[in-house]
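Here is a protein with DNA to look over. What makes a residue count as near a strand, and a contact as polar?

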Amino acid sequence: MPARREPVAALPAPRPLARAALPADTTALARFLLGKLVLRRLGRTLLRGRIVETEAYLVGDAACHAFRGRTLRNAALFLERGHCYVYLAYGTSYMLNVSSERAGIGAGVLIRALEPLAGVAEMQERRGTARRLDLTRGPGRLAQALQIDRGLDGIDLCTEGPLWLGDDGTLVDAASIGRSIRIGITKDAERPLRFYLRGNPFVSGPRRLNG
DNA sequence: AGTGCGATTGACT
DNA sequence: GTCAATCGCACTA
């Protein structure tokens with residue numbers, strides 16, 4: 001075989017998180033997902049980022065999109081835990097969520113920020129900026145960086161495909177997790193259901209909530 | 001059929 | 001710090 005220049009050895013694609021490993025409880029899932037990986041397959045490119053900020057949206061929670069019952073729009077929230085729910089906010093920004101609880105129960109976890117780990121050049125291209133801090137800090141930004149839209153709504157995030165969840169063995173201890181009220185909502189705004197990795201520069205939100 | 005309103009972001013004073 | 005863009009949906013009539 002003639003020598004052929006290969007790109008830098010690609011990291012193997014992490015295998016998906018087992019659904020059985022996901023806590024069914026929505027708040028527990030929001031904490032569990034901190035430090036885990038989001039993998040996005042775009043052709044030959046595998047984008048990856050570490051989850052550094054989440055919010056829980058519970059059953060009986062007026063801020064949860066499933067609060068008023070199941071519709072065509074929010075149906076993915078009612079899938080068994082570990083499925084993808086994508087929402088278009090303000091007509092401008094897509095939001096990536098992980099469904100929680102049992103099938104038929106409408107609840108989920110919003111992924112609010114990632115730390116970019118691989119595919120940074122592709123993220124920069126999609127985001128139109130070179131600033132690493134601006135690639136995936138915020139729910140709308142990370143969705144744009146990973147090219148996430150309603151086409152991914154309802155897919156299984158526990159199966160390797162266009163988008164899935166993984167784990168690189170990073171440990172997150174309870175002391176490194178911060179907690180605050182959720183950002184940008186008006187209903188049930190006082191519930192402390194936002195979780196983030198303390199001190200991580202890719203966490204979004206105002207400083208007063210990130211202490 | 002019309003209206004109000006977001007789980008945001010980027011541009012600008 | 002302020003503010004407009006933008007659009008699908010739920011709600012009213």
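**Contacts with DNA**

By class, nine nonpolar, nine polar and three charged residues make up the surface near DNA strand B. The model is predicted: local features need pLDDT of at least 70, side-chain atom pairs count only at pLDDT 80 or more, and totals for chains, interfaces and linings use all residues. Side-chain values use heavy atoms, without hydrogens and water.

Q: What makes a residue near a strand?
A: One of its heavy atoms lies within 4 Å of the strand. Around DNA strand B there are 21 residues, and His65, Asn97, Arg127, Gly140 and Arg141 come nearest. Of the atoms of DNA strand B within 4 Å of the protein, 48% belong to sugar and phosphate.

Q: Why is the pair between His65 and a base nitrogen of DNA strand B called a polar contact?
A: A polar contact is a pair of N or O atoms within 3.5 Å; within protein, one must be able to donate a hydrogen and the other to accept it, and residues adjacent in sequence count only if both atoms are side-chain atoms. A polar side-chain atom of His65 lies 2.5 Å from the base nitrogen, so the pair qualifies.

Q: How do you know that Arg68 makes a polar contact with DNA strand C?
A: An N or O atom in the Arg68 side chain is 3.4 Å from a phosphate oxygen of DNA strand C, so the pair meets the limit.

Conventions:
Residues are numbered from 1 along each chain as its sequence is written. Chains are lettered from A and ligands numbered from 1 in the order in which they are written. Ala, Val, Leu, Ile, Met, Phe, Trp, Tyr, Cys and Pro count as nonpolar, Asp, Glu, Lys and Arg as charged, and the others, Gly among them, as polar.
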